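The following exercises concern the structure shown below.

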Amino acid sequence: FLTTARGDRDKKQFFAAANEVRVACEKVGFFYIKNHGVGENTIQEIIEAARAYHNLPEEVKKATGSGKVDGAGYLPFNHKKLPRRSRE
């Protein structure tokens, strides 16, 4: 993503877009990507898997690896601590 016609990544543009994604995650809670090339069947499978995961009991979700790697695994609703991010 964010590739110029020559195929070279524009670093300034890349980090600006990455910052926009970060802000969307921190302030809004989600972001939308279009024209990504992922097929509709794959998208529906992902949505179904996410729905099934979130319907699991809280204790089962808590056992899915949170704390092993910053930001990986399950974080309960209203969890306030965000993983550290590098400053570029």
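A salt bridge is defined here as a side-chain nitrogen of Lys or Arg within 4 Å of a carboxyl oxygen of Asp or Glu. The model is a predicted one, in which local features need pLDDT of at least 70, side-chain atom pairs count only at pLDDT 80 or more, and totals for chains, interfaces and linings use all residues. Residues are numbered from 1 along each chain as its sequence is written, and side-chain values use heavy atoms, with hydrogens and water left out.

**Exercise 1. Salt bridges**

Task: State how many salt bridges a search of the whole structure finds, and describe Arg-22 and its partner.

Solution. 
Step 1. Side chains of opposite charge can pair when their charged atoms come close.
Step 2. Arg-22 is bridged to Glu-26, and their closest N and O atoms are 2.8 Å apart. Both residues belong to helix α1 and are four residues apart, so about one helical turn separates them. Helices (H or I, at least four residues) and strands (E, at least two) are DSSP runs, numbered from the N terminus.
Step 3. To judge exposure, apply these limits: buried means under 20% relative accessible area, exposed over 50%, and partly exposed in between (1.4 Å probe, protein chains only). Arg-22, at 22%, is partly exposed, and Glu-26, at 37%, is partly exposed.
Step 4. The side chains of Lys-61 and Glu-58 also form a salt bridge, with an N to O distance of 4.0 Å. These two residues are three apart in helix α3 (residues 58-62), so about one helical turn lies between them. Lys-61 counts as buried at 6% relative accessibility, whereas Glu-58 is partly exposed at 33%.

**Exercise 2. The span of a helix**

Solution. 
Step 1. After α1 comes Gly-29, with a positive phi near 105°.

**Exercise 3. An aromatic pair**

Task: Classify the arrangement of the rings of Phe-14 and Phe-15.

Solution. 
Step 1. Rings of Phe, Tyr and Trp (its six-membered ring) pair if their centres lie within 6.5 Å; planes under 30 degrees apart count as stacked, over 60 as edge-to-face and the rest as tilted.
Step 2. The structure contains one aromatic pair. In this pair, the ring centres of Phe-14 and Phe-15 are 5.5 Å apart and the planes stand at 85°, so the arrangement is edge-to-face.
Step 3. Phe-14 is partly exposed at 26% relative accessible area, and Phe-15 is partly exposed at 32%.

**Exercise 4. A loop residue**

Task: Locate Asn-35 and decide whether Asn-35 is buried or exposed.

Solution. 
Step 1. Asn-35 is situated in the loop between α1 and α2 (40-54).
Step 2. Its relative accessibility is 76%, so Asn-35 counts as exposed.
Step 3. The phi of Asn-35 is near 55°, a positive value in a residue other than glycine.

**Exercise 5. The whole protein**

Task: Summarise the secondary structure and the share of buried residues.

Solution. 
Step 1. The protein has three helices and zero strands, in the order α-α-α along the sequence.
Step 2. Of its 88 residues, 5% count as buried.
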